[in-house]
Amino acid sequence: MTTERVMVVQKPAGPVRSDGKQNVPERTKGMLSFWMEGSELMMGWKALYTEEEEASVALRSGEASFQKLESAPRRIMLAEIQRPSRDPERHLFWMQDEEEDEDEDFVSLVNLLISESACAGPGFCCRLLLYP
């Protein structure tokens, strides 16, 4: 049985390589997506003009956070996942749209989705987005 994928939000974004000292945005145009699979919030990135999706990752309440790096020269977002007994996973993306004034709302929405996905039931995304 396959779990239905319910898309929640997408934003134009590209990957960022990090060597621990410097964040280097890649030129690849793509889409950063967040969706629900059952009661889990998933995040994935896909390059435009290709059918291949990069690996997706579950963003679980208590383990994941999403933030804008204020010190970065570009609009870079960080999804950080801290699983027990592991080093944190860091996923960096640079925002490719012109809507910088929406960054704070986007970060708030993703963090709300992370925190509320733990108690998600049928229709969770619709209730969250239609009745804030």
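Colleague: What are the ground rules here?

Modeller: It's a predicted model, so local features need pLDDT of at least 70 and side-chain atom pairs count only at pLDDT 80 or more, while totals for chains, interfaces and linings use all residues. Residues are numbered from 1 along each chain as its sequence is written, and side-chain values use heavy atoms, with hydrogens and water left out.

Colleague: Why is Asp97 with Lys11 called a salt bridge?

Modeller: The term asks for a side-chain nitrogen of Lys or Arg within 4 Å of a carboxyl oxygen of Asp or Glu. Asp97 and Lys11 have N to O at 2.9 Å, so the pair qualifies.

Colleague: What makes that pair a tie between parts of the chain?

Modeller: Asp97 sits in the loop between β8 and α1 (103-116) and Lys11 in strand β1 (residues 5-18), so parts 86 residues apart in sequence are tied together. Helices (H or I, at least four residues) and strands (E, at least two) are DSSP runs, numbered from the N terminus.

Colleague: How do you know whether Asp97 is buried or exposed?

Modeller: Buried means under 20% relative accessible area, exposed over 50%, partly exposed in between (1.4 Å probe, protein chains only). Asp97 comes in at 11%, so buried it is. Lys11, at 8%, is buried too.

Colleague: And why is Arg90 called partly exposed?

Modeller: Its relative accessible area is 46%, so Arg90 falls in the in-between class.

Colleague: Which residues join Lys11 and Asp97 in a network of salt bridges?

Modeller: Lys68, Arg75, Glu99, Glu100, Glu102 and Asp103 are linked with them.
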